[in-house]
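Here are my notes on this one, jotted down as I went through it.

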Amino acid sequence: MTLAGLLDAALGRLDWNALPFWEMVTHPNASSIINGLIASGAAGIMVLGTLVTIWALTRHRLWGMLWRDWLTSLDHKKIGIMYVMLAFVMLARALAEASVMRTQQAVGLGGGFLSPEHFGQLFSTHGTIMIFFMAMPFLTGVINFVMPLQIGARDVAFPLLNSVSLALTAAGAALVMASLLFTPFSTGGWSGYPPFTETGYSPDVGPDYWIWAVTLSSLGTTLAGMNFAVTIYKKRAPGMTMFRMPLFCWTALCVSILMIFAMPPLTLATSMLALDRYLGFHFFTNTGGGDPMLYANMFWLFGHPEVYILILPAFGVYSEVISTLSGKKLYGYTSLALATICIAVLSFTVWVHHFFTMGQSASLNAVFGIATMLIGIPTGVKVYDWMLTLYRGRVRLGVPMIYAAGFLMLFVIGGATGIVLANPSLDYVTHNTLFLVAHFHNMLIPGLLFGMLAAYAFWFPKAFGFRLEEKWGRRAAVSWIAGFILAFFPLYGLGLLGMPRRTVAFFEPAYLPFTLIALVGAGLVLFAFGCLVAQLVVSIRERDDRRVPVGDPWDGRSLEWSIPAPAPEWNFAVLPQVETRDPFTEAKEQGRAYRSPEDYEDIEMPRNSAIGPIVGVAGFACAFGLVWYMWWLAISGALLSLGAMLARGFARDTVRIIPAAEVREAHESWLAMVRATPRIPRHEENTPANLGHAIPASQEEQS
Amino acid sequence: MGTGFSPLFSAPCFPLSHAGMRRYQLHLKGSGDRPKAGSKERCELEAAHCVSSAVQYAKWLCQWLSVTAAFLLLSGCRVESFLDPQGPVAAQQRTHFWQVTALMALVVLPVLTLTPWLLWRYRDRGGADYEPRWGFSRGWEIALWGGPALVVAALAVLLWVNTTRLDPYAPLASDANSLRVQAVGYDWKWLFLYPDLGIASVDLLAFPARRPLEIELTSATVMQSFFVPALGSQVYAMGGMSTWLHLGADAPGRFRGENSQYNGEGFHMQKFEAVAMDEAAFEGWARNAATASALDTAALDALEQKGVASDLAYALDRPSDEILFGGLPDDLFAQVMAETAKAPMAPHDMAAGR
């Protein structure tokens with residue numbers, strides 16, 4: 001075999017025509033040039049961003065720090081921050097894709113600039129990225145950072161597994177990014193329905209990219225779910241019973257259970273599709289006894305609990321934000337906890353509502369429709385409980401509260417349209433239209449995304465030791481709210497007028513005003529994202545003006561606010577003894593906060609480990625090899641992954657001891673600084689006087 | 001920042017109205033310099049601009065909305081929707097839709113009105129009552145769980161009744177005989193077979209008004225969804241199996257039909273016309289269709305090629321707005337189902353290259 005032949009075989013089905021500019025160069029015409037420029041531009045931004053990052057790290061000699069302090073760290077706080085950073089990067093890409101689609105639909109009467117093939121890839125990557133590589137990492141990161149602190153633990157139950165979960169998710173994200181350069185991605189949507197995604201109708205690499213990216217992500221999520229559940233069950237501080245946990249931890253627990261039970265149907269469904277595509281099986285094909293309806297059932301058996309995985313952490317964040325920024329105990333704690341459990345359980349009983357029009361009997365549809373509406377009851381209770389938390393509180397309209405206010409009003413509208421869709425008879429005229437698209441964006445943006453952005457604003461000071469700048473934060477929040485309304489409320493109208501989803505162009509002039517308004521909304525959303533970037537840049541530049549070393553900038557109620565900011569590696573110098581809900585507020589009100597502990601002990605922390613990054617790289621290699629039929633790469637990646645895990649089994653020296661003297665010194669010097677720092681009332685929360693030492697809101701003198 | 005600068009790009013708030021821009025520039029001219037960043041003057045100016053911009057923005061938005069509403073109303077373009085029902089199925093769905101909306105308003109409006117009020121009334125340093133430890137009230141619990149439960153119970157009754165009545169598989173209540181049509185979804189066109197009349201058409205579903213229409217559906221390719229918004233329900237069409245749909249039109253008219261389940265590059269063009277006709281007109285149409293040439297294997301092969309109706313018309317040398325066939329093989333529908341479930345992918349279905 002010649003060298004060229006060997007190289008050709010090694011590259012599998014990867015060929016020059018995978019590059020985004022190939023079509024434009026070999027078959028130039030107006031459409032291929034415009035679409036080629038857009039696709040190449042996107043790939044170019046990705047490549048350039050990667051190169052600039054590598055250059056910056058090299059120039060500032062940060063590789064060592066990156067490897068030591070971040071990539072191999074098993075600290076749940078660092079892992080949480082890395083998850084959130086991944087989410088923000090993927091959010092940028094998915095927002096760009098949304099903007100291109102919105103622009104196309106604004107000019108899409110009778111045609112437009114985007115080819116149908118390009119549009120097909122855009123809506124598929126947009127959905128896949130937003131769900132698997134923006135929302136899931138964001139919420140996993142927030143839970144990772146916050147939950148162990150709130151339950152008074154030093155770390156999660158399985159720190160190495162935590163690192164591996166992050167690596168698998170990042171590998172899936174990298175695969176989707178790689179599809180920008182080595183095209184095409186799937187055009188089958190984020191749900192990947194066969195037989196359209198079977199080889200007979202999509203013989204290209206697209207659905208394979210989708211299958212392996214989603215598989216990597218779902219494996220990471222399943223492991224993270226197990227980790228969080230065990231942490232909450234086994235690692236709570238002494239005295240913290242389940243009903244003394246902050247509400248956010250209740251939602252984290254229910255999310256973890258959902259992750260454990262909901263991800264496997266997805267992994268199975270995509271694996272079965274992979275067997276169809278790679279080995280000619282007939283699970284979901286039209287021929288050979290296959291049945292696509294089986295895929296629909298399996299996918300949505302995952303898909304419905306998935307959307308509750310997405311929303312429950314946001315509900316937890318709102319509970320924390322609303323009670324803290326109202327200076328008031330959360331109303332209806334027990335109801336909220338029970339409602340969360342109800343929602344989690346019920347979420348497994350409603351999946352058929354995603355395909356009411358697939359020909360099931362009326363009574364079957366009706367049963368699932370009623371089950372779907374039942375979830376509205378605990379959700380409604382939650383909304384009213386949050387409103388009752390505001391009642392007779394002292395509400396501060398900080399950035400997290402702006403998001404919460406937008407959420408309360410917009411989410412119930414989305415819930416109402418969800419009830420419309422829950423009725424099979426109405427679903428028959430709204431299914432697969434933009435009404436459905438508007439509904440789920442109405443739940444995900446004001447629900448999930450605002451919750452995560454509120455969490456980012458709320459816990460950023462704890463993570464990094466300084467507050468975020470408020471003005472840009474407010475601009476971002478208001479622009480997100482206005483942008484969402486303008487971008488998605490017209491879609492309700494379009495859906496009621498019968499416009500289908502996933503449609504690149506349309507022929508009804510009456511749709512045009514709606515798509516134009518939606519474009520303005522998309523522009524506002526991009527502006528909002530820009531405000532977030534500006535906020536971060538300004539905050540970092542002016543961080544010395546906003547340091548909060550005492551660690552309690554919001555007059556927080558739970559344990560995470562009782563430790564320094566940024567939080568020390570070991571979280572708590574001495575594990576707290578908990579006796580009530582809102583333990584930190586109780587301590588502050590009774591003057592027990594910031595007391596020197598009697599005794600310090602040695603603290604055992606896990607050593608860094610390279611297993612995470614290795615599994616990530618190996619996972620990416622395996623997936624990329626599977627996509628392009630580069631079997632040597634796929635096998636090597638799989639073996640490397642397995643080998644790394646086996647090697648870890650022989651590792652002996654996996655913990656390090658931090659001596660009690662070191663802990664004592666760090667903690668006592670911080671306590672001395674705390675005692676020398678003046679406490680501030682809430683109306684000085686956004687001033688440089690806020691060093692993180694709070695007069696509890698209930699003890700503030702107000703005229 | 002000069003006078004010629006577009007208002008959209010000026011700081012500090014977006015969008016800045018013309019009035020706001022003029023005020024800002026007058027201030028610049030008056031003071032000769034921008035107030036220092038972070039200074040009280042600057043903060044006040046920016047706050048004032050934010051408020052005035054927001055007001056101007058709201059006004060601009062209202063103007064834009066009323067212009068587009070006027071455009072919609074005056075343009076005379078008919079917008080097809082179940083909200084303007086042309087048949088009994090859509091009419092019942094519209095009624096149900098407004099009932100659900102009204103019930104949900106009971107749940108939603110309190111939140112929309114009370115939340116802003118709560119945020120304002122109980123603002124920090126607003127002087128209202130403050131109860132930091134109030135976290136439970138039995139009365140509220142009963143109301144909060146009970147209220148939504150009652151609403152959901154009412155909705156559940158409506159749901160059950162409407163879902164059973166509007167089952168796509170259930171024949172419409174009518175004295176008149178139903179017309180039987182079989183629909184086959186291709187990439188990217190619909191073939192409508194009239195087995196009792198021995199005719200077929202592509203992308204044109206002609207049927208008599210005021211008589212129930214009974215459609216049996218299948219797909220010759222991937223999952224599709226048959227939808228005529230003005231008449232009501234949609235239903236999936238899938239390969240190797242059949243589904244059913246019952247619709248009707250109250251009066252003669254032309255209605256837009258579409259596929260709502262994405263099936264590739266030509267998806268957005270897979271539209272068809274559903275035309276309800278008077279009995280006499282329909283008989284005339286059927287007689288005319290019977291004179292067209294038969295649906296033979298050549299035509300069936302052409303149908304299986306990827307393309308829209310106009311591509312098919314070109315291939316078969318027919319007028320593209322009316323592709324009719326005056327003769328069908330027996331049991332063609334069953335044959336298509338069997339073949340889709342049995343045949344390996346034909347070579348022309350595999351895309352060339354990668």
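1. Start with the two cis peptides in chain A. This is a predicted model, and it places a cis bond between P194(A) and P195(A), with omega at about 0°. P195(A) belongs to the loop that runs between α7 (159-181) and α8 (206-234) of chain A.

2. The other cis bond links A565(A) to P566(A), again with omega at about 0°. Here the loop in question is the one between α18 (512-541) and α19 (583-589) of chain A, where P566(A) sits. As background for both points, most peptide bonds are trans.

3. Next, backbone phi. Most residues other than glycine have a negative phi. Y594(A) is not a glycine, yet its phi is positive, about 60°. You'll find Y594(A) in the loop between α19 and β1 (603-606) of chain A. Is its position buried or exposed? Y594(A) has a relative accessibility of 14%, so it counts as buried, the cut-off being under 20%.

4. Chain B has a case of this too: D331(B), not a glycine either, shows a positive phi of about 55°. D331(B) is in the loop between β11 (323-325) and α8 (332-342) of chain B. With 60% relative accessibility, D331(B) counts as exposed, since the cut-off for that is over 50%.

5. One helix pair in chain A is worth a look. Helix α4 (residues 63-71) of chain A packs against helix α5 (residues 76-106) of chain A at an angle of about 110°, and the axes are 9 Å apart. Why call the pair roughly perpendicular? Angles from 65 to 115 degrees are given that label, so α4(A) is roughly perpendicular to α5(A). On the α4(A) side the contact uses D69(A), W70(A) and L71(A), while α5(A) brings K78(A), I81(A) and M82(A). By type, the residues of this contact come out as four nonpolar, two charged and no polar.

6. Finally, confidence. The predictor's scores for the complex are an ipTM of 0.94 and a pTM of 0.91. Chain B has an average pLDDT of 83, with 75% of its residues scoring at least 70. Residues 1-18 of chain B stay under 50, and the model has 31 contacts for them beyond four places in sequence. Residues 346-354 of chain B are also below 50 in pLDDT, with 13 contacts in the model beyond near neighbours in sequence.

Methods: Residues numbered from 1 in each chain as written. Chains lettered and ligands numbered in written order. Predicted model: local features only at pLDDT ≥ 70, side-chain atom pairs only at ≥ 80, totals over all residues. Heavy atoms only, no water. pLDDT = per-residue confidence, 0-100. Contact = heavy atoms within 4.5 Å. Helix = DSSP H or I, 4+ residues; strand = E, 2+ residues; numbered from the N terminus. Buried < 20%, exposed > 50% of the residue type's maximum accessible area, 1.4 Å probe, protein only. Axes fitted to C-alpha atoms, helices over the stretch in contact; angles between N-to-C directions. Parallel < 35°, antiparallel > 145°, perpendicular 65-115°, else oblique. Nonpolar A, V, L, I, M, F, W, Y, C, P; charged D, E, K, R; others polar.
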